[in-house]
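Please look through the sequence and the three-dimensional structure that follow, and keep both at hand while reading.

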Amino acid sequence: MNTTCPNSASCPIFNGILAGKDYTAKVYRTKYCEGGEPAFKSCKRFMAKEKFGSCPPNLLPNSTLSLEEIGAKYNLA
Ligand code: SF4
C-alpha cells in the first residue's frame, strides 16, 4: 500500500518550505503526507490540487479556508 501522498515529490511543504520549523514540518508529514490515503486526501493542499490542478505554494495542509475560499483568494477557480 502506498502511504505517502502522490504529490510529495513536488510539494514544497514536504520538501522543506518550513525551514527552521522542523517540528511543524514533521507534524504535517506524519499527519498528512505519510499518514495514508485518508490522511493526505484531507490535506487542503492535496484537495486544492485535485480541484484546481495546482496549489498555491504557501497554502498549509490544515488551512481553515474552504476550497471555494482558496480558489477565490488565489484566483484559481
Ligand atoms: S499531503 Fe499535502 S502537504 Fe503533504 S505532500 Fe501531499 S499535498 Fe503536500
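Which element gives the most to the lining of the largest pocket? The answer is helix H3, with three residues; helices (H or I, at least four residues) and strands (E, at least two) are taken here as DSSP runs and numbered from the N terminus. This is a predicted model, in which local features need pLDDT of at least 70 and side-chain atom pairs count only at pLDDT 80 or more, whereas totals for chains, interfaces and linings use all residues. Residues are numbered from 1 along each chain as its sequence is written, and side-chain values use heavy atoms, with hydrogens and water left out.

The pocket itself is found on a 1 Å grid over the protein atoms alone, where a cavity is a set of points at which a 1.4 Å probe fits but cannot get out, and a pocket is an open set with protein on both sides within 12 Å along at least five of seven lines; lining residues have an atom within 4 Å of a point. The largest pocket holds about 220 Å³ of space, a volume being the space filled by probe spheres set on the points, which are joined across faces, edges and corners. Among the 16 residues that line this pocket, Asn7, Cys11, Pro12, Arg45 and Lys49 are the closest to its centre. The elements that give two or more residues to the lining are H1 and H3. Sorted by class, the lining has eleven nonpolar, three polar and two charged residues, where Ala, Val, Leu, Ile, Met, Phe, Trp, Tyr, Cys and Pro count as nonpolar, Asp, Glu, Lys and Arg as charged, and the others, Gly among them, as polar.

The space taken by the ligand is this largest pocket, and a molecule is said to sit in a pocket or cavity if more than half of its atoms lie within 2 Å of the grid points. Around the ligand one finds Cys5, Ser8, Cys11, Ile13, Phe14, Tyr32, Cys33, Phe40, Cys43, Arg45, Phe46 and Pro61, a residue being near a molecule if one of its heavy atoms lies within 4 Å of it. Helix H1 (22-33) and helix H3 (44-52) are the elements that give two or more residues to this shell. The shell divides into ten nonpolar residues, one polar and one charged.

The aromatic residues come next. A pair of aromatic rings is described by the distance of the centres and the angle of the planes. Rings of Phe, Tyr and Trp (its six-membered ring) pair if their centres lie within 6.5 Å, and planes under 30 degrees apart count as stacked, over 60 as edge-to-face and the rest as tilted. By this rule there are two aromatic pairs. In one of them, the rings of tyrosine 28 and tyrosine 32 have centres 6.3 Å apart and planes at 50°, so the pair is tilted. These two tyrosines are four residues apart in helix H1, and therefore about one helical turn separates them. Tyrosine 28 and tyrosine 32 are both buried, a word that stands for under 20% relative accessible area, with exposed meaning over 50% and partly exposed in between (1.4 Å probe, protein chains only). Phenylalanine 40 and phenylalanine 46 form a tilted pair as well, at 5.3 Å centre to centre and 50° between the planes. Phenylalanine 40 is buried because its relative accessibility is 6%, and phenylalanine 46, with a relative accessible area of 7%, is buried too.

What remains is a set of single residues. Lysine 49 is found in helix H3 and is partly exposed, with a relative accessible area of 33%. The C-alpha atoms of lysine 49 and asparagine 7 are separated by 8.9 Å, although these residues are 42 apart along the chain. Lysine 44 also has its place in helix H3, but counts as buried because its relative accessibility is 15%. Lysine 26, in helix H1, is exposed, with a relative accessible area of 55%, and its C-alpha atom is separated from that of lysine 49 by 21 Å.

Serine 66 lies in the loop between H3 and H4 and counts as partly exposed at 26% relative accessibility. Asparagine 75 lies in the segment after helix H4 (67-73); this residue has a positive phi of about 55° although it is not a glycine, and asparagine 75 counts as exposed at 69% relative accessibility.
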